[in-house]
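Biologist: I'd like to learn how to read a model like this one, feature by feature. Can we put it up and go through it together?

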Amino acid sequence: MLGSPRTVSGVMTHTVVAVGREAPFKDIVKLMQQWRVSALPVLEGEGRVIGVVSEADLLPKEEFRDSDPDRCTQLRRLSDLAKAGGLTAQELMSTPAVTVRAHATLAQAARVMAQRGVKRLPVIDEEGVLEGIVSRADLLKVFLRSDEELAEEVRREVVAHLFPLPAESVQVDVRDGAVTLTGRIRDTSLVPVAARLVRAVEGVVDVECHLVGSSAPTGPR
């Protein structure tokens with residue numbers, strides 16, 4: 001019923017700064033500051049993503065710069081201690097890289113970010129070649145859709161399908177991304193269905209349904 005969900009390809013950044021395996025530590029830091037990013041894809045060959053080096057991968061060098069960790073810390077922070085001595089992207093990067101495909105939905109990308117605890121995902125093609133990058137901020141762009149645009153999609157993709165008869169007069173009001181449906185319908189069992197479908201529209205913040213049976217007086221449900 002609903003139109004195709006929005007995908008990563010529609011919000012990702014196509015111009016991506018990346019580094020090769022042999023990129024030195026200081027060059028990585030400079031690039032991060034210059035481009036104001038917190039992570040860089042690491043590439044090899046024709047642009048295949050083999051890892052990601054992030055601020056978290058660089059910080060151990062400062063954390064352990066003048067410390068002598070005890071045996072317990074050494075065992076618990078083995079990976080961080082190895083990165084503290086890293087000099088190149090290959091030695092510093094997290095691998096394999098957590099990536100996403102351009103055709104993935106925004107919801108799928110958001111779940112990957114949440115589950116893996118990352119702030120941005122390299123976008124790759126079938127061969128693993130870098131196509132772009134998508135960040136948390138990119139995924140939130142759907143909430144910048146105007147109230148008018150949301151109302152039109154709800155009317156077209158939800159109301160027109162669930163309540164097509166002229167006798168079923170359903171009004172759609174959207175304010176700051178929150179959708180309110182008001183009116184009379186023949187089958188009140190469709191109210192939960194309507195709420196679920198409206199909530200699935202990209203950019204909708206909240207849904208309220210004030211829908212009553214055709215023979216009942218109109219009022220909050």
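Biologist: How much space lies in the largest pocket?

Modeller: First, some ground rules: this is a predicted model, where local features need pLDDT of at least 70 and side-chain atom pairs count only at pLDDT 80 or more, while totals for chains, interfaces and linings use all residues. Residues are numbered from 1 along each chain as its sequence is written, and side-chain values use heavy atoms, with hydrogens and water left out. A pocket is an open set of points on a 1 Å grid over the protein atoms alone, where a 1.4 Å probe fits, with protein on both sides within 12 Å along at least five of seven lines. Points are joined across faces, edges and corners, and the volume is the space filled by probe spheres set on them. Here the largest pocket holds about 400 Å³.

Biologist: Which residues of its lining lie nearest the centre?

Modeller: Lining residues have an atom within 4 Å of a point. There are 20 of them, and Ala39, Val52, Ser54, Gly117 and Val118 lie nearest the centre. Two or more residues each come from β3 (48-54), α2 (55-63), α4 (78-84) and β5 (120-124), with α2 giving the most, three residues. Those labels are DSSP runs numbered from the N terminus: helices are H or I with at least four residues, strands are E with at least two.

Biologist: How does the lining divide into nonpolar, polar and charged?

Modeller: Ala, Val, Leu, Ile, Met, Phe, Trp, Tyr, Cys and Pro count as nonpolar, Asp, Glu, Lys and Arg as charged, and the others, Gly among them, as polar. That makes eight nonpolar, five polar and seven charged.

Biologist: Why is β3 described as largely enclosed by the rest of the structure?

Modeller: Burial is the thing to check: buried means under 20% relative accessible area, exposed over 50%, partly exposed in between, using a 1.4 Å probe and protein chains only. Six of the seven residues of β3 are buried, so the strand is largely enclosed.

Biologist: In what sense do β2 and β3 pair?

Modeller: Two strands pair if DSSP finds at least two bridges between them. β2 (residues 39-44) and β3 are antiparallel, over six bridges; leucine 43, for instance, has valine 49 of β3 as its bridge partner. Three residues sit between the strands of this hairpin, where glycine 45 takes a positive phi near 60 degrees.

Biologist: What is the strand order in the open sheet of three?

Modeller: Read it as β4-β5-β6, with mixed pairing. β4 and β6 (130-135) are at the edges with a single partner strand each, so one side of each has no neighbour in the sheet. β4 and β5 are parallel over two bridges, and arginine 101 stands opposite isoleucine 124 in β5. Lying across β4, β5 and β6 is α6, at about 130 degrees to β5; such angles run from 0 to 180 degrees between N-to-C directions, with axes fitted to C-alpha atoms, for helices over the stretch in contact.

Biologist: Is threonine 105 buried or exposed?

Modeller: Threonine 105, in the loop between β4 (100-101) and α6 (106-116), has 17% relative accessibility and therefore counts as buried. Contact means heavy atoms within 4.5 Å. Leaving aside neighbours within four places in sequence, threonine 105 touches Pro5, Arg6, Thr7 and Val8.
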